[in-house]
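Please look at the screen while I talk.

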Amino acid sequence: MQFPHVLCSVKATYRPSDMDVSGGQVVYPLHRCKTIHLVRHAQGIHNVEGEKDHSAYLSPHLFDAHLTPLGWQQVDNLRKHVHTSGISKKVEVVITSPLLRCMQTAVGVFGGEGYTDGIDVPPLMVTDAGNSNHPAISSLNCPPFIAVEGCREHLGVHWCDKRRSISEYKPLFPAIDFSLIESDDDVLWEPDIREPNKDVASRGMEFFKWLWTRKEKEIAIVTHSGFLTHTLTAFGNDCHPDVKREICKRYQNCELRSMVIVDRSMIGSDSSVTDYPGKIPSGEDMPSDDTCIPSGEDVPSDDTCIN
């Protein structure tokens with residue numbers, strides 16, 4: 001499995017000679033690839049306080065931090081971009097971390113445009129969810145949304161990274177699917193143990209493997225800076241150093257980058273929907289009339305008989 005702009009693997013080491021033969025290009029079957037749009041959440045109240053004083057992350061009043069007014073402006077700007085670029089029409093599912101700031105960002109960027117008279121469906125987000133001072137967001141004319149624990153931020157110690165119970169979230173985000181989260185309470189966050197960086201990276205690798213169990217070929221993922229930084233560092237080691245840096249550079253608030261993951265290990269089993277087998281019916285090719293050789297004439301060599 002891979003995860004770069006170009007097809008670079010996890011374990012290999014980049015050597016210039018590796019890329020000389022094909023000029024750095026790689027060919028791979030389309031049906032063994034997925035396009036993913038990675039988004040870091042917009043500015044949260046913890047970002048503002050943490051930039052002033054890093055110890056603020058230890059404060060319980062930042063529990064499950066929500067977006068700032070500037071964060072919502074960032075969401076609006078990214079929403080405009082995904083619509084003008086056409087991304088919003090291509091995304092088949094939105095995966096989000098089950099933390100308030102990520103769900104607010106996810107529904108704000110990829111949610112529906114508005115309600116239609118006579119259609120009664122639950123909203124993605126209710127009015128003023130999470131102190132947002134934001135109107136409700138429709139679930140019409142948009143992809144499904146799924147909350148997944150695997151793409152959460154660093155676990156432990158920092159109160160901004162502790163989530164609420166799922167039973168608290170459901171009334172705020174009625175149309176988000178929380179069924180993949182096993183525990184109502186946050187049993188992963190511990191007040192005195194911070195998840196090691198290598199464990200975040202390992203969790204991220206497992207998350208990308210899980211993506212291959214899904215049928216969708218174009219997926220948006222709304223997650224966190226730490227999760228993205230430590231996970232992506234494991235990829236791109238056989239790419240040009242500039243590509244490696246492009247993959248691994250730190251995400252800004254509400255930044256989106258589109259990448260491709262490739263199933264080199266045959267995790268995915270979907271067959272191609274665009275390949276065409278050609279020769280139908282099956283069987284050996286029969287020579288056409290103009291390839292018949294009159295008796296008495298020399299038979300051409302194989303390389304001159306190809307039509």
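Predicted model: local features only at pLDDT ≥ 70, side-chain atom pairs only at ≥ 80, totals over all residues.

Residues are numbered from 1 along each chain as its sequence is written, and side-chain values use heavy atoms, with hydrogens and water left out.

The protein has 8 helices and 6 strands, taken as DSSP runs numbered from the N terminus (H or I, at least four residues, for helices; E, at least two, for strands). Of its 307 residues, 47% count as buried, that is, under 20% relative accessible area with a 1.4 Å probe and protein chains only.

Now to the pockets, each an open set of points on a 1 Å grid over the protein atoms alone, where a 1.4 Å probe fits, with protein on both sides within 12 Å along at least five of seven lines; lining residues have an atom within 4 Å of a point.

Which residues lie nearest the centre of the largest pocket? They are Arg40, Asn47, Tyr57, Glu153 and Arg250, out of 21 residues that line this pocket. Helix 1 (45-52) and helix 7 (225-232) each supply at least two residues of that lining.

The second largest pocket is lined by 14 residues, with Leu30, His31, Cys33, Lys217 and Val273 nearest its centre, and strand 1 (residues 33-40) gives the largest share of the lining, 3 residues.

How values were computed:
Buried < 20%, exposed > 50% of the residue type's maximum accessible area, 1.4 Å probe, protein only.
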